[in-house]
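Open the structure in your viewer and keep the selection tool ready. The stops follow one another, with a note on what to find at each.

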Amino acid sequence: MGNAVAIIGTGQTKHGRRSDVCYPDLVREAVTAALEDAGITLKDIDGIVLGTMPSMMEGVSSTHFYFAEAMGSVGKPVLKVETCGSTGQSIGHCGFFWVASGMADIVLVVGSEKMSEGDGQATMTTVFDPFFQRTFAAGAPGVFTMQSMEWMYRFKIPEEKGREAAARISVSNHDNAMDNPHAHIRTRVTMEDVKNARIITYPVRLLDVCPASDGACAVIFATGEKARKICRKPAWIKGLGFRGEEFFYGESDKAIWMSATEAAAEAYRQAGIRNPLKELDVAEIYNPFTYQEMIFYECFGFCPRGEAPDYVLKGTFLKDGELPCCPSGGTLCSNPIGATGLIRLAEAALQVTGKAGARQVEGAKLALSHAMGGVDQFNGVTIVGSEL
Amino acid sequence: MAKEYRTMRNDVTLPYQWALGKTWSRFFDGLKDGRIQGTKCAGCGRVYVPARSFCPVCFTDTTQWVDVKPEGKILTWTLVREKYLGQVQEPPYVVALIQLDGSDCGFSHFIGGFDLSDAGQLKRKLKTGAKVKAVWSPVRNADIRDITCFVPVE
Ligand SMILES: [Zn+2]
């Protein structure tokens, strides 16, 4: 895994409709918060990694130029990494690689998006090829919903049971977001609200779907030596995994989902985790859709294939359950896409260092973070722990 | 956020001319003639539709062309109710992944030919494994809409 690497600081904006700030100022808000959290200044940073969604999202190309100063990159090396929804995990991995290789001591990683400025679903549709798939894309919900339907068919999950479990996930994420001052959507919803919300792509309804958010996140990675010197409680990188799969949606098995399964398996191997349900204390899963969150539970080995709805209905993943998932309210309640996967990692780091405030899972020592991107195509996982 | 700050409206419109290359040109020439063609991998034997120039699993060139039937079974589907910029159909409409007979993957297209407002009928007709067949467009432009949609086979 290279040299030991730890997260020594994280910063997030208030996510939501942030028409009160221009894009560079939004980025700087997260960077400033991360530097303050780590107790260091820009002078201590050796390199910067950033990532966003495609340029169509905000209509400004190559945004690393637009907010070069805001992310503190004047006079420093810069890397941009972009993998759609999984960007946040990709840039986290890149920050890790840079420090673990011994080529830098401290690296600042920044993810951001300002979705209120453009058309999120139209931008997502341009991710599909123009000849075959774009005509049928219907934004992100079309594909994610077809995947969920395929999963329910495969494992013979009755429609009502899937509906009930997905509604529970919506309610619990909304409840959790009430504890998170950064969250975009901070409103409680009831089971009835979810089940009666308007249909987006059948059977997915409005409250099964994430919002389009503005927001940024910054995470600072340091060598073990620096981390011990600077930081009272670092979050250690225990393992990471990333996998891609085919672009054409019909060519791979999305009910089993190799890329999600193998990304987690790789991270578990590195972290020495054999029974994730028992060993992990908390998970921050990229869950823009309630139904899809259940597929991730299965891919990550939290429960047997086809049984995620049963585990959801018995409360396994609630804040006080066996493995709390998304105590932050998750992607379902805040989704500034280029930042989202990094927010998952920042939240995991906050959990294992006891800094998660009202959303803290008591005594959390080992946490999983995750993001997914493209046409159900890329998955990245990072495991952090309170001990190296 | 009591004060409302300024925003500025501007649209970015850019023209593109995308190259289809040898394999996809031949695929769309076939559609124009009412044929759906795939390519078969000599290594793993999978038949890909749309045709591919190489097998994504074996990473070898796929040179053998095969005709597949303009009918197959539904793998999964959804009813799109929401409007998005750039949609070519007015919602509600059904998109599906269809495994064409003689192929080993899913093919994305519309499903139509019946009343979508009746939820009961929708679920009866669109079960996974249900048979569907292509309806060809009377006007062909060598693009994916040379097939209008797929309709259930009773
Ligand atoms: Zn092959």
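Start in chain B. Strands here are DSSP runs of E, at least two residues long, and helices are runs of H or I of at least four, both numbered from the N terminus. Two strands count as paired if DSSP finds at least two bridges between them. Pick B:Val132: its bridge partner in strand 8 is B:Pro152.

Two notes on the model before moving on. It is predicted: local features need pLDDT of at least 70, side-chain atom pairs count only at pLDDT 80 or more, and totals for chains, interfaces and linings use all residues. Residues are numbered from 1 along each chain as its sequence is written, chains are lettered from A and ligands numbered from 1 in the order in which they are written, and side-chain values use heavy atoms, without hydrogens and water.

Strand 4 runs antiparallel to strand 7 (residues 131-136), and 3 bridges join them. B:Glu71 sits opposite B:Lys133 of strand 7.

Next, select B:Val49 and B:Pro50. The peptide bond between them is cis, with omega near 0°. B:Pro50 lies in the loop between strand 2 (47-48) and strand 3 (64-68) of chain B. Most peptide bonds are trans.

Switch to chain A. A:Tyr202 and A:Pro203 are also joined by a cis peptide bond, with omega about 5°. Look for A:Pro203 in the loop between strand 5 (199-202) and strand 6 (204-205).

Stay in chain A for backbone angles. Most residues other than glycine have a negative phi. A:Lys156 has a positive phi, near 50°. Find A:Lys156 in the loop between helix 5 (139-154) and helix 6 (159-177). A:Trp257 has a positive phi too, near 65°. A:Trp257 is in the loop between strand 8 (235-244) and helix 9 (258-271) of chain A.

Which of these two is buried or exposed? A:Lys156 is exposed, at 72% relative accessible area. A:Trp257 is buried, at 0%. Buried means under 20% relative accessible area, exposed over 50%, and partly exposed in between, using a 1.4 Å probe and protein chains only.

Chain A has 14 helices and 11 strands. Its C-alpha atoms fill a box of roughly 55 × 45 × 40 Å along the principal axes. Of its 388 residues, 67% count as buried.
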